[in-house]
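Let me put the model up, and then I'll talk you through some charged pairs.

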Amino acid sequence: MTGIGENTLAQPVKPPLRERCACLAKLVKNRLTLTTIRRDMPPGLVEGIDRMDSAGRRRTLRSIGRASESSGFEAACEAALRVVEGGRVPDDATVDVLARRIAGGGGGAGGADLSVYDGFLKGAVAIGS
């Protein structure tokens, strides 16, 4: 017979360290999937972040956070999406500048009309005339 307070059940066996680390790494990687902010991001940006390594994800999310302070979250996400679509990992400076342009209404094509230079490419305009 066992006394009061004695544990009659065997202690659970901890899994090996390698398995615990793999489980922890999977949880950290999937952390973004569990957050509510993911629903507010454009789908292309979420897919791009999912493909990044941990350093890229950290850098991207930090740059979105910093740019959103001055330009708003939506403009910061759009800016980060454009960088990701260009095949790069967003950084603070790039996302900030693009987010400010988007928030200011200059997110589309540039304001300068460069069609005059089409003639140079076609050879229709002589240099010096």
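Let's start in helix H5, residues 73-85: Glu78 and Arg82 sit 4 residues apart there, so about one helical turn separates them. Their side chains meet in a salt bridge, 3.3 Å from N to O. By salt bridge I mean a side-chain nitrogen of Lys or Arg within 4 Å of a carboxyl oxygen of Asp or Glu. Glu78 has 28% relative accessible area and Arg82 has 33%, so both count as partly exposed. That label lies between buried, under 20% relative accessible area, and exposed, over 50%, with a 1.4 Å probe and protein chains only.

Quick caveats: this is a predicted model, where local features need pLDDT of at least 70 and side-chain atom pairs 80 or more, while totals for chains, interfaces and linings use all residues. Numbering runs from 1 along each chain as its sequence is written, and side-chain values use heavy atoms, leaving out hydrogens and water.

Now, which residues are linked in a network of salt bridges? Arg62, Arg66 and Asp92. Asp92 pairs with Arg66 at 2.5 Å, N to O. Asp92 is in helix H6 and Arg66 in helix H4, so this pair ties together parts 26 residues apart in sequence. Arg62 also bridges to Asp92, with the closest N and O atoms 3.9 Å apart. That one links H4 (residues 54-71) to H6 (residues 92-103) across 30 residues.

Zooming out, the structure holds 5 salt bridges. The chain has 7 helices and 0 strands, counted as DSSP runs of at least four residues (H or I) for helices and at least two (E) for strands, numbered from the N terminus. Of its 129 residues, 22% count as buried.
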